[in-house]
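Hi,

Here is the structure I said I'd send over. Have a look at it first, and then read my notes below.

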Amino acid sequence: MANDATQSIHDPATAGEDQYLTFILAEEEYGVDILRVQEIKGWERPTPLPNTPDYIRGVINVRGMIVPIIDMRLRFRMEPMEYGPTTVVIMLRVINEDRERVMGVVVDAVSEVYSIGADDLQPAPDFNSRIGIDFVRGLATIDEKMILMLDIDTLLGPGLIASEDAIAEGAPA
Amino acid sequence: MSIDMAQFVDAFLEESFEGLERMETELLALDGGDPETLNTIFRCAHSIKGGAGTFGFGAISEFTHGVETLLDRMRNGEQDAAPETVNLLLRAVDILRAQLHAARDGGEADAAEVAEVRTLIEAHLGDAAPPRDPAPSDGSEEGPGDGNDDGPRGWRIHFRPYADLMRTGNDPLRMFEVLAELGRLTVHCETDRLPDSAEAFDPEDCYLAWTLELEGDATGDQIEEVFEWVEDECDLVIEPLEAAPVAPDESSAPEPGAAADTPARPETAAKGSGGSARGAESSSMRVNTGKIDALIDMVGELVITQSMLTDISEQLEEDPSQMEAQIERLRTGLAELERNTRELQESVMGIRMVPIAQVFNRFPRLVHDISGQLGKQIELTLKGEYTEIDKTVMEHLGDPLVHLVRNAVDHGIERPEARAAAGKPETGQVTLEAYHRGGNVIIEIRDDGKGMDADRILAKARDTGLVGPNQQLDRHEILQLVFEPGLSTADQVSDLSGRGVGMDVVKKNIRGLGGNVELESEPGKGSRLTIRLPLTLSIMDGQLLKVGDETFVIPLIAIVESLQTLPESVKQAFGKLPLYRLRDEYIPIIDLAALFGRAEPSPLPERALLVVAEADDQRVALRVDDLLGQQQVVIKTLETNFRKVPGTAGATILGDGQVALILDVAGIARMAAGRDTRAA
């Protein structure tokens, strides 16, 4: 799993810095606010839900709680990947409309923990793509790597929860 | 207040609301001033006053004081329990309820109404009572109600505690200290009760009595407040000092400030504590101590079983040769564990169970009020108030029940003249009864009113197109039509049928709780509504079944029957909609895998397994691959972390830790009918 040493490009104690947990999707690196990470689990087969978009894989039992599992590759319309023993599910606390939900996202692997100041985040460019980018909090560059920092409340927000597919294509009938 | 009172305030408010309900019930039951009932009512008011004073809800305490005084006079026989007095007290209960709500939620009770009722109470108490200061008019032991607005210049207090005053944690010294803050206090101690010999002296008894003189502008209220907690444990006489005027300007200088402060401070306190009190309100409940004790016993048993199992595992390690015997013990232990777990589960669920009286209690008042307005004579009988029901179910039951009882009173029971003409007693009977039957709670609302005319309901239903011209319905079916939206919302029908509007809403609400409602009625004899509710919302009996690779749970209560198809009974409509002919009925066959988007629709095999299920009076036949066992399942909602998923009524966790979806038969029927795959 992840390299557990906290790497930071700045002094971690500096105020105004947020810590991000990053994960890998098809060799690209993405980050989420580490304070929202509840736990990291291995992949287990979820129970599928009827008539939901393909990226909603279903629900699993996390200590008696029913938690939906979302495949990030499918969510971003990337090539699907076979789930294997190294496939990882990050449990995130998503806050919307004063409600907190716990959701699991399937990623290729967990990568690092970085401390990044708000000033070091560049606004996301116009991707000119059909993928909405309102869930990108900003871009950071670390060791020449680009990392997309995600706003999970938007990414996993009402749009995704609603039965209508948030991204252009509709749910499979 | 130096300690955080918020938690006590919550308890006070909760108890006060209960006290008010009690007052209301007893007031309605008050027949000609039965002293025991009056005492009960008085005690409720007294506790509210005391608590309100303690927690700084000055307005409430002040208002209750008047109520209490009136009640005291009634119980002393100085005042009649005339209907108008009872009605006034009922209004006072309403005011108090509003005030308590305001205290909890941080609002304000309607000041004009408070003042109006207060004035009425004071008028009842007699002209001697000065308006807006009911304190000196207190007619009980506290002294003559002859206070004028100038008030006495001081008070004489005869305080003779009973022997065990100090055992209850009260300390006269501390009370005197508080009194001393109200003015100049002179204390005379009376030692006449002291025993003669040392042998007879119990150091924990209180033998002393005191006469205190308090000079200053303290009000009778303030003094009473000091003795609030010992009132029942002493002889107390508070009387105004005669003609002992102290220089008013000088000594009263700090007093008016304090007096003016009294009403002001409590109000801010009420606002301050409102927020926190409200937050906790919905999430707390009172639990019978017996239930908690039973739970503790069970946990005790569980611990014993656990240590027994540990012991077995140790023995197995030490002496594997005894394997057979130990395995036998292990089996016994596991059986014990299973029993413990089941009992524990039942008990924990039982904690959520509350007596239905909490809903029923509002009805005597409701019936009293409505029948008064309508000029009807109605006797309401409550039965089985201690039947227990899940707290959540109960919270949602209130509105539908109010509606049904209101209907019974409003439309069911006839006016006295009409009843007399029909040869019935003038007083109509409405009965509200709750009881348990086979895992359900049954609530019946019966009246001996005019009942319903099935022919007219049917005629109306045919008019509105609800029932086709050639459709034949039996009497029972016709009566159930009142729950149909098209029929019951039409105003005209409410007169025709003797039932009011909104029966469809009632049915919907009760359905929402997983229950059912049925109507029986006989013209001229009355009606009976039967509500059937599940004991709890969180556990149900389920049938496990397999569709493809997946396990689903279907509520056992929804299953009509399970069967293997007979080829000759499978019919097709439009070439692709399979129907199954079960006796005289055609039931649509639903391909669950296809409906849930799991697989392409597949043709029905020669001998398929069908589960015929019913919901909302609609039957569907679900095609399943296998029937597994039946078991109790704990219902978990998908909405906690996701949203409602059409076709499912939540999920449950199976023994192996896997999640299984619970099928919502009504939702599936809707989906199949309209291909409605979107969120409901």
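Keep in mind that this is a predicted model. For the complex, the predictor reports an ipTM of 0.82 and a pTM of 0.51.

Element by element, strand β22 (residues 659-663) of chain B has the highest mean, at 94, while helix α9 (residues 254-281) of chain B has the lowest, at 37.

Next, the interface. Chain B puts 23 residues into the contact and chain A puts in 19. On the chain B side, the elements giving two or more residues are β21 (648-653) and β22. By class, that side of chain B has 11 nonpolar, 8 polar and 4 charged residues.

Finally, a helix pair within chain B. Helix α4 (residues 83-105) and helix α5 (residues 111-125) of chain B pack at about 145°, their axes 10 Å apart, in a left-handed crossing. From α4(B) the contact uses B:T85, B:L88, B:R91, B:A92 and B:I95, and from α5(B) it uses B:E113, B:V114, B:V117, B:L120, B:I121 and B:H124. Sorted by class, that contact has 7 nonpolar, 2 polar and 2 charged residues.

Cheers

Terms used
Residues numbered from 1 in each chain as written. Chains lettered and ligands numbered in written order. Predicted model: local features only at pLDDT ≥ 70, side-chain atom pairs only at ≥ 80, totals over all residues. pLDDT = per-residue confidence, 0-100. Helix = DSSP H or I, 4+ residues; strand = E, 2+ residues; numbered from the N terminus. Contact = placed C-beta atoms within 7 Å. Nonpolar A, V, L, I, M, F, W, Y, C, P; charged D, E, K, R; others polar. Axes fitted to C-alpha atoms, helices over the stretch in contact; angles between N-to-C directions. Left-handed = near helix turned anticlockwise from the far one by under 90°.
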